[in-house]
Amino acid sequence: MAETPLQMTERLYGKLQRRKHAAKKWSDAYEGNRPLLFASPEFSTQTGGLFDEFSDNWCAVVPDATVERLMPLAFRLEDGSIDKTAGRAWRRSECDVEVGLALLEALITGRAFALVWNNNDGVEITFQHASSAIVEYVPGRRRLRKAGLMTWHDHDTEFATLFTPAMAYRWQRPTREGGQWTGRTTGLSRGEPSHIPNPLGVVPLVELPNRSRLHGKPRSEIATVLPLQDAVNTLWAHLMTASDGLALPARAVLGMDRPVREIVDPETGEVVGEEDLPLDKFRSDRLLWLEKQGASIAEFSAADLGNYLRVIGVAVEHIAAQTRTPPSYLTGQLVNVSPDGFAASEAGLIAKATEMQRHFGSALREIMRLEALAQGEGSRAGSLALGSVVWRDPQFRSDSQYADALVKLKSLGVPDEALWERIPGVTPDEIERWKSMRTDAAGAILGGNIVDLFGPKPDQAEDGEVTGAA
């Protein structure tokens, strides 16, 4: 029996709710909200929640170090030319800003989503969090989307839109327990139907998965970091607890009775007992009289807290190795490192970022293909599907390194336009402007209009002296 749209909505909604727990786990880890694990019950009882809000958070460093190497600049068509229309649509939806947030969420939670839809004011691209969207694929077809669901809340009402290749089913329900999905009426004009045709003919919700496998779900970048993060937090808690009582040398008085004072009856003046003398006075005055013969002072050396630091250092090294994050990002130490050595330390991160550019680029191409379909440009959509994404160079080099490399490539006959594309951060619009400036300069030279290039020629007097010069 075929599944109805309402049944599909309820099934995908239940699957999305189960995913929310994992998404919240990774989001909390990124924010440093982790309970203290690997500590004994006795330690937790003694500290009394003192370290509940403490975290030496490495779970934020790893995805942050990766996402800063992922910056899409433009989209190429099948023939290798830059699609200016796609670039304008990309900026019109502010995707040049939002894509960084989406890729960061994909690294943290394992996936993010993008919706392409033709609203009343034009085609809009919006990015969605993993806890509010889900895509289902055709069985046996890992890239062919069967349906997509997007949800959101507004006050006491929950909304959902089920996208299929043919229709968009818009639902709403009260957030109170037991609320049932009904056709959407809130926010729609009078007479507007709840369910509308899908003009694209494909599911407009695209998934941006991170490190998905042939058989398995996308994976968070901090999945391998979290166990070591919990261990580091526990080690820091033990270190700080030990430093509270063992970081300073301890002294003991030998061969002397404990300091006491007599308890005198105020009415009779007789001594009725004795009590221990508070040691706070001795600590503040830093003075103690040893009146008993043979009394001496012994000292217990301070605990070596460096043992904790060495274990923490090893854990951080394991985080760097397992996530291919340069040690300089984690330790903050960079002393007398040659350029070649620094480049070698970043080789793993560069390779990982390059691999991610390839996988995320496939999803970004699909997003722009849908944008072209929404604009009614089927030919451009097909060309974008076979094109590529122009990314910023994931390796950070100095200006002198880039200049030296470009000069050497120029000597091999590489065209100027190809060299300009290799300059980090240079957009296709800037390259077009440079080409126009070069054309204007060439035209001025051929036309003999040297004044527009270098300014007016200084006037010369009869005696040869230059006049009129600034």
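Which helix does D230 lie in? I looked it up in the predicted model and found D230 in helix α6, which spans residues 225-246.

**Entry on D230.** I then asked what the side chain of D230 meets. It makes a polar contact with the side chain of R34, at 2.9 Å. Leaving aside residues up to four places away in sequence, I listed R34, P35, L37 and F38 as the residues that D230 touches.

**Entry on cysteines.** I looked for disulfides. A disulfide is a covalent bond between the sulfur atoms of two cysteines.

**Entry on the largest pocket.** I turned to the largest pocket and noted about 1,200 Å³ of space in it. Its lining has 38 residues, and those nearest the centre are Y137, R142, R143, P209 and S212. The elements giving two or more residues to this lining are α1 (5-31), β4 (133-137), β5 (145-154), β10 (205-209) and α11 (347-374). Which element gives the largest share of the lining? I found that α11 does, with ten residues. Last, I sorted the lining of the largest pocket by residue class and wrote down 17 charged, 14 nonpolar and seven polar residues.

Key
Residues numbered from 1 in each chain as written. Predicted model: local features only at pLDDT ≥ 70, side-chain atom pairs only at ≥ 80, totals over all residues. Heavy atoms only, no water. Helix = DSSP H or I, 4+ residues; strand = E, 2+ residues; numbered from the N terminus. Polar contact = N/O pair within 3.5 Å; in protein donor to acceptor, adjacent residues only side chain to side chain. Contact = heavy atoms within 4.5 Å. 1 Å grid on protein atoms, 1.4 Å probe; cavity = no way out; pocket = protein on both sides within 12 Å on 5 of 7 lines; lining within 4 Å. Points joined across faces, edges and corners; volume = space filled by probe spheres on them. Nonpolar A, V, L, I, M, F, W, Y, C, P; charged D, E, K, R; others polar.
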